[in-house]
Amino acid sequence: MKPVLRIIVISAVALGIAGGLIWGFLAGRKEQTSEAKREAPVQAPPRVMAEGGKTVLTFDEQTQLTNGILVATLAGGRRRVETQASGLILQLQPLLDLKTSYNTAVMDIAKARAAAQASQAEYSRLLQLNQGGQNVSEKAVETAHAASEGDAAVFENAEQSLAVLTSSLQLHWGAIVASWLEQGSPQLDALLAQRAYLLQVTATSASGSTASPNAMVQLPDGAHVDAHLISALPQLDPRLQAPSFLYSVSAHPSLVPGISLTVFLPSGPLHSGVIVPYSAVVWWLGHAWCYVEEQPGKFAREEVSTSNPVSAGWFVSEGIAMGARVVTEGAQTLLSEELRSQLQGDQD
């Protein structure tokens with residue numbers, strides 16, 4: 001074969017091989033692209049969008065069920081606005097000491113009465129015998145009379161001591177607690193068994209100077225429990241130089257004698273509103289929030305005022321209307337989704 005022809009043949013073969021390689025490379029790239037498109041996840045529509053100046057989260061029924069999101073309709077009600085007061089769990093040892101002293105005084109009276117009655121009876125017997133000409137000397141009669149007078153004086157002194165103790169009870173604790181000590185009561189038994197505590201409540205403003213039958217106590221862990229009025233305390237609170245009231249509150253692990261607490265007293269006119277339950281509230285940037293379902297499957301975050309706590313949550317008179325549908329379980333999931341969307345937006 002001539003050299004020129006050989007060169008032509010070799011070039012043709014080389015071109016054929018190169019074309020095959022290029023075709024194979026392009027076919028492979030096309031197949032990879034098709035496969036990548038098949039395996040790529042379906043882009044879900046965004047859950048967080050801005051609508052009408054609000055951030056709205058969209059969760060369909062299945063997504064709500066998967067994430068444990070529950071919605072409830074808030075019923076309306078009427079309550080008084082609550083003013084803040086200072087509370088102090090009182091030490092029960094002074095009360096226990098007074099109870100012991102009272103029991104001792106009652107026993108002393110019983111003994112003195114029995115001795116006075118016995119000596120009076122003995123004096124009367126000897127006097128009758130002496131006056132009847134029996135063999136009883138005047139000295140024996142006089143001795144019996146002196147014993148009777150002495151026992152009567154002891155009995156009178158015991159009664160006076162009990163009266164002074166009763167007055168002291170009333171001056172320190174009020175007539176109701178004094179009656180518990182004098183007569184016994186289930187309330188006193190609960191106190192002595194530490195199933196309940198005495199709470200001294202002192203108003204910090206003039207609007208809270210009137211006793212309310214019920215009060216709301218904020219515990220150290222942020223929860224709230226009810227307290228029930230017993231009576232006014234006859235003495236001023238030395239810390240605040242203001243009138244105090246005595247309430248009873250059920251025992252709780254975080255309640256110990258001597259602890260200071262924040263108490264809320266209902267005052268003023270009735271206001272219409274709703275109770276937002278604890279489970280509906282999430283905290284962010286130092287504020288309380290809940291999610292309101294404004295349309296089926298569409299949720300917007302609303303701030304919750306925590307100035308009026310109740311046993312089940314917070315009473316809200318503005319911002320959230322009666323009949324509003326609020327997320328009561330799963331609110332944290334919605335907040336996390338909203339914040340994640342904001343973070344992605346900032347990164348973009």
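Modeller: Let's start with a term: buried means under 20% relative accessible area, exposed over 50%, and partly exposed in between, using a 1.4 Å probe and protein chains only. This is a predicted model, in which local features need pLDDT of at least 70 and side-chain atom pairs count only at pLDDT 80 or more, while totals for chains, interfaces and linings use all residues. Residues are numbered from 1 along each chain as its sequence is written, and side-chain values use heavy atoms, with hydrogens and water left out.

Biologist: Thanks! What percentage of the residues of the protein count as buried?

Modeller: The protein has 348 residues. Its secondary structure comes to 7 helices and 15 strands, taken as DSSP runs numbered from the N terminus (helices are H or I with at least four residues, strands E with at least two). The share of residues that count as buried is 34%.

Biologist: Which residues is Leu95 in contact with, leaving aside its neighbours within four places in sequence?

Modeller: Contact here means heavy atoms within 4.5 Å. With those neighbours set aside, the partners of Leu95 are Trp173, Val177, Leu181, Leu188, Leu191 and Leu198.

Biologist: How do α3 and α5 lie to each other, parallel or oblique?

Modeller: The axes of α3 and α5 (residues 175–183) come within 9 Å and cross at roughly 45 degrees; axes are lines fitted to C-alpha atoms, for helices over the stretch in contact, with angles from 0 to 180 degrees between N-to-C directions. Angles under 35 degrees count as roughly parallel, over 145 as roughly antiparallel, 65 to 115 as roughly perpendicular and the rest as oblique. Leu95, Leu98, Lys99 and Tyr102 of α3 meet Val177, Leu181 and Glu182 of α5. The crossing angle therefore makes α3, relative to α5, oblique.

Biologist: And which residues of α5 make the contact with α4?

Modeller: Helix α4 (residues 138–173) packs against α5 at an angle of about 140 degrees, with the axes 7 Å apart, and the two are therefore oblique to each other. From α4 come Thr166, Leu169, Gln170 and Trp173. The α5 side consists of Ala175, Val177, Ala178, Leu181 and Glu182.

Biologist: Is Leu285 buried or exposed?

Modeller: Leu285 is found in the loop between β10 (282–284) and β11 (287–295). Leu285 has a positive phi of about 55 degrees although it is not a glycine. Most residues other than glycine have a negative phi. With a relative accessible area of 66%, Leu285 is exposed.

Biologist: What about Gln194: what is its relative accessibility?

Modeller: Gln194 lies in the loop between α6 (186–192) and β5 (196–203). It is not a glycine, yet Gln194 has a positive phi of about 60 degrees. Gln194 counts as partly exposed because its relative accessibility is 47%.

Biologist: One last thing: how far apart in space are Thr333 and Gly68, C-alpha to C-alpha?

Modeller: Thr333 is found in helix α7 (residues 331–347) and counts as partly exposed at 28% relative accessibility. In sequence, Thr333 and Gly68 are 265 residues apart. Their C-alpha to C-alpha separation in space is 8.8 Å.
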